[in-house]
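Subject: Handing over the two-chain model

Dear colleague,

I am passing on the structure we spoke about, and below it you will find my notes on what turned up when I went through it.

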Amino acid sequence: MQLDIQSVSKRFGDFQALRNVSLSIDSGELVALLGPSGSGKTTLLRIIAGLETPDSGQVLFEGENVSDLSARHRQVGFVFQHYALFRHMTVFENVAFGLRVRKQRPSKGTIEAKVRELLHLVQLESMGDRYPSQLSGGQRQRVALARALAIEPRVLLLDEPFGALDAQVRKELRRWLRRLHDEMGITGVFVTHDQEEALEVADRVVVTHRGGIEQVGSPAEIYDHPATPFIFQFLGNVNRLPVRLHQGAARIGGLAFPAGGFENAQDQPGIAFVRPHDLGISAEGSGGIPVSLRHAVVIGPTVRLELEGPDRLTLEAELSRSAFDALKAHPGQALWARPVSVRAFLEDGGQ
Amino acid sequence: MTVLAHRFREPSVIPGFGITLGVTLAALGLVVLIPLSALFLKAAGLGFSGFIATAFDSRAMAAYGLSFGAALVAALVNLFFGTLVAWVLVRYRFAGKRLLDALIDLPFALPTAVAGIALTTLFAPNGAFGAFLEPLGIKVAFTRLGVILAMIFIGLPFVVRSVQPVLEDLESEVEEAAASLGASRLQTLWLVVLPSLLPALISGFALAFVRAVGEYGSIIFIAGNMPGQTEIAPLLIIIKLEQYNYAGATAIASVMLIISFVLLFVINRLQHWRQSRMEGR
């Protein structure tokens with residue numbers, strides 16, 4: 001189902017949760033709303049579901065304005081972070097709930113067949129008679145998902161669906177969600193503050209910040225070409241280097257990198273962002289930033305180096321195990337750091 | 001000895017089982033069990049046929065009927081109103097909410113005789129409310145309705161205070177989930193909220209019920225105390241005491257105690273059974 005959000009704003013007392021947000025989601029897409037807490041992503045999700053009313057703006061389902069439709073009539077599947085299962089009902093009754101409260105209640109046999117099918121889908125066939133308290137977190141979340149899918153929702157909305165689970169289960173569940181989505185082709189929107197989750201699961205990522213949308217794009221676009229300094233810092237580790245922007249180039253310690261968009265800059269102070277794995281480290285003087293090794297931590301196949309540059313600048317670099325071994329570096333040793341690529345912004349955040 | 005102790009209880013890392021259980025049993029014995037056994041002992045002095053004749057004569061039977069019947073009606077009324085009051089106190093914000101919240105406990109603190117006299121004054125045929133109800137053919141004071149009214153008054157806080165904290169802890173997300181699944185407000189209340197409140201509702205009901213059964217002070221003022229009509233069982237006990245018929249008084253008290261205990265025990269088991277089913281123990 002095509003989903004359109006048109007200039008939606010929402011304020012809670014003094015707090016502006018959303019400011020004039022517009023977003024289109026194509027039919028069959030799985031979109032991640034990614035942002036820090038308080039960025040408005042959950043509010044946006046709840047507005048789509050009809051659990052919250054926007055102060056202004058509209059929500060369109062398939063081109064039809066549903067802003068005045070209550071949550072009950074929107075036919076959306078909503079999955080809560082803490083599952084919100086009905087504790088006094090068995091797994092079966094939980095999943096059947098949406099079918100049983102219908103005005104035209106399906107026959108007993110139809111409900112039974114549908115619930116069995118959904119329990120099979122979420123791999124909980126044998127758990128139908130259990131109560132939620134007898135299940136693990138991952139199982140509970142799958143019940144919540146089956147319950148939401150039972151009403152054949154026009155759009156599936158998930159609010160930090162894996163936030164309360166431990167790392168291993170989370171990883172499994174998100175792959176599983178991706179597969180499920182591919183099989184069913186349902187339009188889905190999920191909220192997360194975990195960039196890895198968003199980049200791994202979603203077709204498209206919407207980065208939210210301070211009640212607005214910062215950038216929309218495919219996971220690769222978002223990661224490779226962050227539009228703003230905020231996104232750069234939000235998406236994983238990054239080094240901030242002070243640079244001078246001058247006539248289309250960013251200058252750091254004798255090196256110059258092309259900096260598109262700053263052709264007219266005349267020696268202005270800027271910030272360049274470099275990801276740790278985009279920082280080349282060498283022992284011989286080949287130009288770059290002179291640094292000394294503070295310490296190195298081996299994390300599986302990679303080695304994370306903490307380096308000290310000029311003016312007490314701390315840099316982080318990531319090398320493969322073999323590259324680090326070839327370097328034969330020891331703490332305190334002087335090295336050269338050379339960014340492979342940088343992305344520069346003016347100091348005040350402008351581009 | 002240690003073998004016995006281990007069989008008696010599950011091993012636990014929390015120390016002090018012996019001393020806490022000892023103090024508990026001692027206190028319970030002193031305050032509850034010893035007086036109660038004295039009661040039964042005294043009643044036993046009547047002999048079996050004497051006990052039956054005293055405890056189950058027609059006047060006593062009518063008194064039990066009124067005490068337990070009226071208490072049941074009052075507890076049911078309180079169940080409804082008390083839940084409503086708790087709902088209003090938890091779900092809405094309004095001016096004077098704290099004041100209302102504090103007022104709920106007043107029946108706990110008020111000497112029950114004061115409540116009885118106040119209710120009687122209001123509902124007597126020439127009282128502020130009674131004057132309006134009398135022409136409609138509704139008599140409250142000096143009837144069974146009066147008994148029920150007094151019992152409602154003293155029982156209300158039990159239901160409110162049982163339901164309120166549970167309602168406060170109820171996640172709003174559960175109701176939102178029900179709404180997003182297409183449930184109407186009424187369906188959500190009936191299928192989701194009420195079942196979650198059920199344990200609290202049952203215990204609130206049970207407390208209000210037994211409190212009403214044992215109530216004396218407020219009822220005797222409003223009831224009129226006609227033997228066989230509006231005479232409650234606790235009053236019958238007092239009457240027997242005033243006639244120095246101690247054995248008779250204890251016989252009636254024993255019957256009341258046994259009925260109350262059986263009812264409470266059944267409610268308790270019911271509660272436990274439900275709980276264990278939900279928590280899969």
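To begin with chain A, how many helices and strands does its secondary structure come to? There are ten helices and 20 strands in chain A, where helices (H or I, at least four residues) and strands (E, at least two) are DSSP runs, numbered from the N terminus. Please keep in mind that this is a predicted model, in which local features need pLDDT of at least 70 and side-chain atom pairs count only at pLDDT 80 or more, while totals for chains, interfaces and linings use all residues. Residues are numbered from 1 along each chain as its sequence is written, and chains are lettered from A and ligands numbered from 1 in the order in which they are written.

Chain A as a whole

Taken along the principal axes, the C-alpha atoms of chain A fill a box of roughly 80 × 45 × 35 Å. Of its 351 residues, 40% count as buried, a residue being buried if 20 or more other C-beta atoms, placed from the backbone, lie within 10 Å of its own.

The sheets of chain A

Strands β2-β1-β4-β5 of chain A, in that order, form an open sheet of four strands with antiparallel pairing; two strands pair if DSSP finds at least two bridges between them. The edge strands, each pairing on one side only, are β2 (15–25) and β5 (64–65) of chain A. Strand β1 (residues 3–12) of chain A is joined to strand β4 (residues 56–61) of chain A by five bridges in the antiparallel sense, and A:Leu3 stands opposite A:Phe61 there. Helix α1 (residues 41–49) of chain A packs on this sheet, touching β1, β2 and β4 of chain A, and its direction makes about 120 degrees with that of β1(A) (axes are lines fitted to C-alpha atoms, for helices over the stretch in contact, and angles run from 0 to 180 degrees between N-to-C directions).

Elsewhere, β6(A) runs parallel to strand β7 (residues 155–159) of chain A, with four bridges joining them, and A:Val79 stands opposite A:Leu158 in β7(A). Both faces of β6(A) are covered, with A:Val76 and A:Phe78 buried on one side and A:Gly77 and A:Val79 buried on the other.

Where the chains meet

The contact takes 22 residues from chain A and 18 residues from chain B, two residues being in contact if their C-beta atoms, placed from the backbone, lie within 7 Å. On the side of chain B that touches chain A, the elements giving two or more residues are α10 (172–180), α11 (185–214) and α14 (246–279) of chain B, and α10(B) gives the most, with six residues. The buried residues of α10(B) include B:Val174, B:Glu176 and B:Ala177, and what covers the buried residues of this helix includes α1, α2 (71–74) and β6 (76–79) of chain A together with α11 of chain B. Just after α10(B), B:Gly182 takes a positive phi of about 100 degrees.

The domains of chain B

Chain B is divided into domain 1 (15–44) and domain 2 (50–280), with bounds that come from an automatic or database domain assignment. The C-alpha centres of these two domains of chain B lie 27 Å apart, and five residues of domain 1 are in contact with eight residues of domain 2.

With best wishes

Terms used:
Buried ≥ 20, exposed ≤ 12 C-beta atoms within 10 Å, placed from the backbone.
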